[in-house]
Amino acid sequence: MDETPAEISPTHLLFALIGLALLGMVGIFVFASTLIAPAWAVVVMGAIWLGAAVWAWLRWRRSMFAPLLAAVVVGAVWILAVNLGDVLLGWTA
């Protein structure tokens, strides 16, 4: 079973807050993608971002790296989706 630590160390809290801030920044890029991508793609990427944000929020007490991991994964998915959309589907600004 996963056990939540009784006290959160300052390092743990710092990593979690940085990860959540990065996840928020990635969310801004995802939702600003309406300038490049069609609405359906932004909705799909937004759903991925929202799922990752909920997962990170639920896991941050058990793992200080969960928010960082979520931010990096969603950022990579966003970059990949926008680049593939440009190359394969002709998305342009």
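User: How do I read burial for a residue such as Ser33: is Ser33 buried or exposed?

Analyst: A residue counts as buried when its relative accessible area is under 20%. Ser33 has a relative accessible area of 1%, so it is buried. Keep in mind that this is a predicted model.

User: Where in the chain does Ser33 lie, and which residues does Ser33 touch?

Analyst: Ser33 belongs to the loop between H1 and H2. Leaving aside residues up to four places away in sequence, Ser33 touches Val42, Met45, Trp78 and Val82.

User: How many helices and strands are in the chain?

Analyst: The chain has three helices and zero strands. Read from the N terminus, the order of elements is α-α-α. The C-alpha atoms fill a box of roughly 50 × 25 × 15 Å along the principal axes. Of the contacts with a separation of 6 or more, 70% are between residues 24 or more positions apart.

User: Which residues of H2 are buried?

Analyst: The buried residues of H2 are Ala41, Val42, Met45, Gly46, Trp49, Ala52, Ala53 and Ala56. Around the axis they cover an arc of only 130 degrees, which means that they sit on the same side of H2. These buried residues pack against helix H1 (10-32) and helix H3 (66-89). On the face turned away from the buried side, H2 carries the exposed residues Trp40, Val43 and Leu58.

User: Which residues of the largest nonpolar core touch the most other members?

Analyst: A core of this kind is made of buried nonpolar residues joined through side-chain atoms within 4.5 Å. The largest one here has 17 residues, and Leu23, Val30, Ala37 and Val74 touch the most other members. At least two residues of this core come from each of H1, H2 and H3. H2 gives the most, with seven residues. As an example of the contacts, Leu23 touches Trp49, Ala52, Ala53, Ala56, Ala70, Ala71 and Val74, if residues up to four places away in sequence are not counted.

User: How many aromatic pairs does the count come to?

Analyst: The count comes to four aromatic pairs. One of them, Phe31 and Trp49, is 5.6 Å centre to centre, with 85 degrees between the planes. Planes over 60 degrees apart count as edge-to-face, and this pair is edge-to-face. Phe31 is in helix H1 and Trp49 in helix H2, so the pair ties together parts 18 residues apart in sequence. Phe31 has 43% relative accessibility and therefore counts as partly exposed.

User: What are the distance and angle for the pair of Trp40 and Trp91?

Analyst: Trp40 and Trp91 form an edge-to-face pair, 6.1 Å centre to centre and with 75 degrees between the planes. This pair links distant parts of the chain, 51 residues apart, with Trp40 in helix H2 and Trp91 in the segment after H3. Trp40 is exposed, at a relative accessible area of 53%, whereas Trp91 counts as buried at 12% relative accessibility.

User: What share of the chain's residues is buried?

Analyst: Of the 93 residues in the chain, 30% are buried. The accessible surface of the chain is about 6,100 Å², and 75% of that surface belongs to carbon and sulfur atoms.

Methods. Residues numbered from 1 in each chain as written. Predicted model: local features only at pLDDT ≥ 70, side-chain atom pairs only at ≥ 80, totals over all residues. Heavy atoms only, no water. Buried < 20%, exposed > 50% of the residue type's maximum accessible area, 1.4 Å probe, protein only. Helix = DSSP H or I, 4+ residues; strand = E, 2+ residues; numbered from the N terminus. Arc of directions from axis to C-beta. Contact = heavy atoms within 4.5 Å. Phe/Tyr/Trp six-rings, centres within 6.5 Å; stacked < 30°, edge-to-face > 60°. Areas by Shrake-Rupley, 256 points an atom, 1.4 Å probe, with all protein chains shown as cover.
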